[in-house]
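Work through the exercises below with the sequence and coordinates at hand. Each task is followed by a stepwise solution.

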Amino acid sequence: MDETQLRLDGNACGGMLREVFTTDMTAARGACVGCGTVGQVGGQHLYGYPHGPGAVLRCSVCETVLLVLVHTRESYRLGLPGLAWMQI
Amino acid sequence: MARAAVQRRLTWRLAKVVELVDEAPKVRSLVLAVPDWPGHQAGQHVDVRLTSEDGYQAERSYSIASAPEDRGGVMLTVELLDDGEVSPYLVDEVRVGDQLELRGPIGGYFVWEAEMADPLLLVAGGSGICPLMAMLRHRAARSSTVPTRLLYSSRSFEDVIYRAELDRLTAAGDGLQTFLTLTRVRPTTWTGFDRRVDREMLVQVAWSPERRPVAFVCGPTPFVEAVARLLVELGQDPARVKTERFGPTGG
């Protein structure tokens, strides 16, 4: 089974994102630095969730890593390597 | 609108199981009483967290199947996954009166509201029917007549979740059409679709792109990806094809 059969939609990690953000993030729009596509968080590809320690969100068009959120014992580490901007 | 409202941090709540409904083999609905439930929109989900005696925790997301208008409780419909960590407990172990940790409602992306007037296409694979059922129940509760087509793929007739209710909703004649496809086992008298969802089936069932339909597709990841790709190939606007992948096996 390849990774694409395991992926979910960004929508599925809406609860985890709410551990960090105070507002729903799944309807938030953002721009991918890889291909320029503007889309909603909920419609991007989600990997590593819920079975891994965090969530990796990739662009549904070009698979650029948009957002990484990892929960460690003490804190969260949030990376936004592939988002030019987000509108929340 | 929920998005405009000031929202506080999402907290875990202790919900109480008030009713259990056997929906199909290996599929059970849990109706939950959730203290201070803020209400939800059709298509949203909740996270459920189970904690074992040694402190190990497992979280899973489950779509809400009940309509926002239903004050009887929040319904989750769960399919048993043989290798699952959470679903065996929810399907086989939970009893009325038990408590579960839950947070939600979650999600503003895979949401349909009765005010949306465009033709609606709902495509479900197996237990992917759950959030779509919330949309159909919401539609009925609001007496909406939005032209709606449901295409529901199931292994067998017995595996069709909410079968009697779907029959009833479809018979109301308010603009809902239901198409079942049975992929593995069929009654001898079956005259409906008898294969996996394919291009020809979607040509027959999906609204023409000129009508600016909105589509919600939910089910196992390979099912959702195949259907979404076909809809876009048939000319549907990708931004109006909303997907909810359940993972490799669904549920």
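This is a predicted model: local features need pLDDT of at least 70, side-chain atom pairs count only at pLDDT 80 or more; totals for chains, interfaces and linings use all residues.

**Exercise 1.** Describe the contact between chain B and chain A, and state which elements of chain B supply it.

Solution. 
- Step 1. Count the residues: chain B contributes 26 and chain A 28.
- Step 2. Take the area: the two chains bury about 2,300 Å² between them, with 42% of it on carbon and sulfur atoms.
- Step 3. Count polar contacts: there are 12 residue pairs between chain B and chain A, both residues at pLDDT 80 or more.
- Step 4. Assign the chain B side to elements: β3 (45-51), β4 (57-63), β6 (99-106), α5 (221-233) and β11 (241-245) each supply at least two residues. The most comes from β11(B), with 4 residues.
- Step 5. Sort that side by class: 7 residues are nonpolar, 8 polar and 11 charged.

**Exercise 2.** Is R103(B) buried or exposed, and which residues does R103(B) touch?

Solution. 
- Step 1. Locate the residue: R103(B) sits in strand β6 of chain B.
- Step 2. Apply the 20% cut-off for burial. R103(B) has a relative accessible area of 2%, so the residue is buried.
- Step 3. List its contacts, leaving out residues up to four places away in sequence: from chain A, G15(A), M16(A) and E19(A); from chain B, L10(B), T11(B), W12(B), V46(B), D47(B) and E59(B).
- Step 4. Pick out polar contacts to chain A. The side chains of R103(B) and E19(A) are joined at 2.6 Å. A polar atom of the R103(B) side chain also lies 3.5 Å from the backbone oxygen of G15(A).

**Exercise 3.** Which parts of chain B does the salt bridge between E101(B) and R49(B) tie together? Treat two further bridges likewise.

Solution. 
- Step 1. The side chains of E101(B) and R49(B) meet at 2.9 Å, N to O. E101(B) belongs to strand β6 and R49(B) to strand β3, so the bridge ties together parts 52 residues apart in sequence. E101(B) is partly exposed at 22%, whereas R49(B) is buried at 16%.
- Step 2. E85(B) and R60(B) form a salt bridge at 3.0 Å, N to O. Because E85(B) lies in the loop between β5 (74-79) and α1 (87-93) and R60(B) in strand β4, the pair ties together parts 25 residues apart in sequence. E85(B) is partly exposed at 43% relative accessibility, and R60(B) is buried at 15%.
- Step 3. R142(B) and E115(B) form a salt bridge at 2.6 Å, N to O. R142(B) is in the loop between α2 and β8 (148-154), E115(B) in the loop between β6 and β7 (120-125), 27 residues apart. R142(B) is partly exposed at 39%, while E115(B) is exposed at 52%.

**Exercise 4.** How many residues of α2(B) are buried?

Solution. 
- Step 1. Helix α2 of chain B covers residues 129-141 and reaches 18 Å from first to last C-alpha, close to the 18 Å expected.
- Step 2. Of its 13 residues, 11 are buried, among them I129(B), L132(B) and R139(B).
- Step 3. After the helix comes S143(B), with a positive phi near 55 degrees.

Note on methods:
Residues are numbered from 1 along each chain as its sequence is written. Chains are lettered from A and ligands numbered from 1 in the order in which they are written. Side-chain values use heavy atoms; hydrogens and water are left out. Contact means heavy atoms within 4.5 Å. Buried area is the accessible area (1.4 Å probe) that two parts lose on being put together, summed over both. A polar contact is a pair of N or O atoms within 3.5 Å; within protein, one must be able to donate a hydrogen and the other to accept it, and residues adjacent in sequence count only if both atoms are side-chain atoms. Ala, Val, Leu, Ile, Met, Phe, Trp, Tyr, Cys and Pro count as nonpolar, Asp, Glu, Lys and Arg as charged, and the others, Gly among them, as polar. The expected span of a helix is 1.5 Å times one less than its number of residues. Buried means under 20% relative accessible area, exposed over 50%, partly exposed in between (1.4 Å probe, protein chains only). A salt bridge is a side-chain nitrogen of Lys or Arg within 4 Å of a carboxyl oxygen of Asp or Glu.
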